[in-house]
Amino acid sequence: MKSPDHQSLEEQFRLVSRYVAGDLSRSERAEFEAWLVASPELAAEVEMERRLRRGIASAARRGWLRRGVLRPAAHHHRWHVALAASVLVALAIGVSMKLPRGGVEGVADSHTRLEPERILLAARTVRLGSVRGVSTSPDIIVARNESPSSLTIEPDVVTLTCEDGSIELECPGGAPAQTPQYPEYEMELVKRGGGSVAWRSSSQLASARSPLSFTIADPGSLGVADYDLVVRGRSAEHEEVVARFWLRID
Amino acid sequence: MTAPPADEIERIVARALTGDRQAETRMLVALRPGVLAVLRFGAFYRWIDAEDLTQETLQIVVERVRARTLEDPRRVFAFAATTARNLALNAARKMLRQQTVVDSELVDELAQNLEMEQSELTDSDDRQLAEAVVSLLETLPTLRDRQLLMRFYMDGIDKQELCRELGLSPKHFDRVLMRARSRLRTIIERRAPHLALFPRITSILVALGMTFTFWVRHFGSW
């Protein structure tokens with residue numbers, strides 16, 4: 001670690017994003033973490049990077065950032081801000097009517113220029129077996145420009161046990177196994193290649209009668225990449241990854 | 001109380017290394033946010049109690065400082081970071097042994113990928129954070145900065161590609177990210193200050209408590 005002069009600290013500030021993304025090499029990380037201990041400013045910066053990532057993911061999940069159109073919750077604005085905004089909008093409309101077409105660029109316009117328009121199709125449901133195939137192709141493929149409005153995944157991954165928790169073909173008294181191995185399950189979408197957790201479901205209660213069902217709203221808003229769909233079973237004392245599938249957004 | 005800058009912390013640690021007990025207390029206060037950060041932002045966050053391990057790390061650091069086996073403040077920083085990471089790794093190993101996560105490749109990957117996770121955030125915090133980010137994007141001065149953030153964080157496009165696409169130098173790219181974080185901090189501090197700060201008062205109290213414990217253990221009285 002170099003002497004904590006301003007320039008060396010600034011060098012570390014540039015690494016914040018890579019550190020949070022887990023992209024630093026072992027030696028870079030060791031040096032960065034020594035700086036982290038020495039500099040609360042750097043620690044605060046890392047904290048903010050995480051907040052930024054989390055905030056963007058959350059806003060995207062809520063549909064506020066779709067294709068760059070910013071749509072925050074309406075209740076957040078105070079009435080006087082709304083009034084001021086209305087006046088500005090009225091002025092902007094007035095001005096824009098005087099301008100030639102294409103003369104004013106908004107966030108949404110710029111994004112539609114960067115990427116082709118997406119077509120939202122009807123919701124899609126996919127049932128996945130408990131045993132993943134040995135093929136080298138993804139279990140689910142979603143084309144980003146023709147993505148469903150929502151993707152519901154129903155993985156058949158709940159192992160049924162006897163009441164005492166044993167996994168038997170036939171339980172005492174000849175009854176079939178009917179108790180889910182874990183009371184709760186959840187699904188995570190993990191971007192491959194050092195990426196981040198792109199989506200996580202809420203916990204879902206398992207039932208012997210109906211399959212698990214996890215719905216990802218607007219899967220097309222996820223970045224083009226390969227993702228692991230990780231299903232985890234959870235009880236009060238125990239947690240286990242029970243299945244892993246492959247989702248490709250292209 | 002604002003945290004001292006890095007060079008001031010180095011001076012505090014240097015004084016602690018000479019046996020100055022007052023400086024030792026200040027050192028514990030000053031190092032705590034950084035050690036906590038290493039633990040909270042490290043790969044094993046999911047499986048550890050960061051507060052507990054911060055305590056443990058600082059105890060080990062104080063013992064080493066008192067034993068005079070570390071001579072340079074910068075070695076103290078590196079030692080603290082390594083100790084924190086090793087303790088986290090051990091805690092995570094212990095936790096995973098108790099579970100049946102047997103796919104080691106998956107465990108590593110999850111450990112890396114779960115860095116973003118912050119389970120301490122409530123739904124309401126999560127929403128406030130999302131609103132703050134939307135405000136941030138709205139207030140960015142140029143369209144290009146907005147594009148950069150959206151494509152980098154949402155679409156996962158890498159820095160090099162984005163720099164090429166938007167005609168930016170890597171330095172400019174870093175500046176945009178740093179400015180964005182700074183603006184986000186301002187917005188959060190105004191709207192939801194609890195999301196912006198380390199629990200500073202806690203760190204002071206804990207450090208004082210630790211010093212008290214050490215004094216009593218080593219000298220029999222305060």
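User: Where is Arg68(B) found?
Analyst: Arg68(B) sits in the loop between α3 and α4 (73–98) of chain B. Keep in mind that this is a predicted model.

User: And what's phi doing at Arg68(B)?
Analyst: Phi there is near 60°, a positive value in a residue other than glycine. Most residues other than glycine have a negative phi.

User: Is Arg68(B) buried or exposed?
Analyst: Arg68(B) is exposed, because it has 10 other C-beta atoms within 10 Å, and the cut-off for exposed is 12 or fewer.

User: Which residue in chain A has a positive phi too?
Analyst: Asp218(A), with a phi of about 45°, although it is not a glycine. Asp218(A) lies in the loop between β9 (214–217) and β10 (225–234) of chain A. With 17 C-beta neighbours inside 10 Å, Asp218(A) counts as partly exposed.

User: Since β9 came up, what's the strand order in its sheet?
Analyst: The order is β1-β3-β9 in chain A, an open sheet of 3 strands with mixed pairing. β1 (124–128) and β9 stand at the edges with a single partner strand each, so one side of each has no neighbour in the sheet. On average, neighbouring strands are turned by 20° against each other, direction ignored.

User: How do β1(A) and β3 pair?
Analyst: β1(A) and β3 (residues 150–155) of chain A pair in the parallel sense, over 5 bridges. Arg124(A), for instance, has Leu151(A) in β3(A) as its bridge partner.

User: What about confidence, which element of chain B has the lowest mean pLDDT?
Analyst: Helix α10 (residues 200–219), at 52, while helix α3 (residues 50–66) has the highest, at 93. Chain B averages a pLDDT of 80, and 75% of the residues score at least 70.

User: Where does pLDDT stay under 50 in chain B?
Analyst: Residues 114–118 are one such stretch, with 18 contacts beyond four places in sequence in the model. Residues 199–203 of chain B are also below 50, and that stretch has 5 contacts beyond near neighbours in sequence. Where pLDDT is low, the predicted coordinates should not be read in detail.

User: What are the ipTM and pTM?
Analyst: The model scores ipTM 0.75 and pTM 0.53.

Definitions and conventions:
Residues are numbered from 1 along each chain as its sequence is written. Chains are lettered from A and ligands numbered from 1 in the order in which they are written. This is a predicted model: local features need pLDDT of at least 70, side-chain atom pairs count only at pLDDT 80 or more; totals for chains, interfaces and linings use all residues. pLDDT is the predictor's confidence in each residue, from 0 to 100. Helices (H or I, at least four residues) and strands (E, at least two) are DSSP runs, numbered from the N terminus. Two residues are in contact if their C-beta atoms, placed from the backbone, lie within 7 Å. A residue is buried if 20 or more other C-beta atoms lie within 10 Å of its own, exposed if 12 or fewer, and partly exposed in between; C-beta atoms are placed from the backbone. Two strands pair if DSSP finds at least two bridges between them. Axes are lines fitted to C-alpha atoms, for helices over the stretch in contact, and angles run from 0 to 180 degrees between N-to-C directions.
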